[in-house]
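Visitor: Hello! I am new to this structure and would like a close look at one part of it, with a friendly tour of what lies around that part.

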Amino acid sequence: CDSDATNDCAVGSYTLTTSLSYNTSDCSGQEEESSEFIENGGSIIIELNAGGIAEVNMLAGETTELLTGYWTQNNNNVSIIIDSYTNHEGEEIYGASETFTFIDKQLIIYSYGTDGIGHGWISTVLPCTYMVFTKN
């Protein structure tokens, strides 16, 4: 993939396989929760198609949410920009983005919580969550 001039080697479907939450803003120290979301039947699936369209399917309990947008890749950085979604306060958010590191067929992200640090579409309660999405 390193020699792929089209920079589209991240195309595919990814499932959340690891989710570790920390009570520190830099994801250090003892984890507070380890994959509890996954163990309780929650899932997040990211679909990146060759045309640059991104779909994120989130399932938590009885709630399913589909987010759509687009994605770009620059070397090992994959950015996913969501067209719009409704946050926990009922506010409509447009153009929220998250940037993942693409390594060994995985998308990896440190998502920062609702303390004002991050403004992406992955919602976390604790200050920092480390997530790994593995290519299917």
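Visitor: Leaving aside its neighbours within four places in sequence, which residues is Ser79 in contact with?

Guide: Welcome! What you see is a predicted model, where local features need pLDDT of at least 70 and side-chain atom pairs count only at pLDDT 80 or more, while totals for chains, interfaces and linings use all residues. Residues are numbered from 1 along each chain as its sequence is written, and side-chain values use heavy atoms, with hydrogens and water left out.

Now to your residue. Once its neighbours within four places in sequence are set aside, Ser79 is in contact with Tyr70, Trp71, Thr72, Glu98 and Thr99. Contact here means heavy atoms within 4.5 Å. Ser79 sits in strand S6; strands (E, at least two residues) and helices (H or I, at least four) are DSSP runs, numbered from the N terminus. With a relative accessible area of 19%, Ser79 counts as buried; buried means under 20%, exposed over 50% and partly exposed in between, using a 1.4 Å probe and protein chains only.

Ring pairs link Phe100, Trp121 and Phe133 into a cluster. Rings of Phe, Tyr and Trp (its six-membered ring) pair if their centres lie within 6.5 Å; planes under 30 degrees apart count as stacked, over 60 as edge-to-face and the rest as tilted. By this rule there are three aromatic pairs. Phe100 and Trp121 form a tilted one, 6.2 Å centre to centre with 40 degrees between the planes. Phe100 lies in S7 and Trp121 in the loop between S8 and S9, so the pair ties together parts that are 21 residues apart in sequence. Phe100 is buried, at 0% relative accessible area, and Trp121 is buried too, at 3%. The rings of Phe100 and Phe133 have centres 5.8 Å apart and planes at 80 degrees, so that pair is edge-to-face. Phe133 belongs to S9 and stands 33 residues from Phe100.

S3 lets you see two sides of a strand. Ile44, Ile46 and Leu48 make up its covered face, whereas Ser43, Ile45 and Glu47 are on the uncovered one. S3 pairs with S1 in the antiparallel sense over four bridges, and with S4, again antiparallel, over six bridges; strands pair if DSSP finds at least two bridges between them. Across from Ile46 in S3 stands Tyr14, and across from Leu48 stands Ala54 in S4.

Last stop: the one disulfide found in a search of the whole structure. It joins Cys27 and Cys128, with the sulfur atoms 1.8 Å apart; the cut-off for a disulfide is a pair of cysteine sulfur atoms within 2.5 Å. Cys27 lies in the loop between S1 and S2 and Cys128 in S9, 101 residues apart. The torsion about the S-S bond is about -90 degrees, so this disulfide is left-handed. Cys128 is buried, at 0%, and Cys27 is buried at 12%. Cys27 also has a positive phi, near 60 degrees. Most residues other than glycine have a negative phi.
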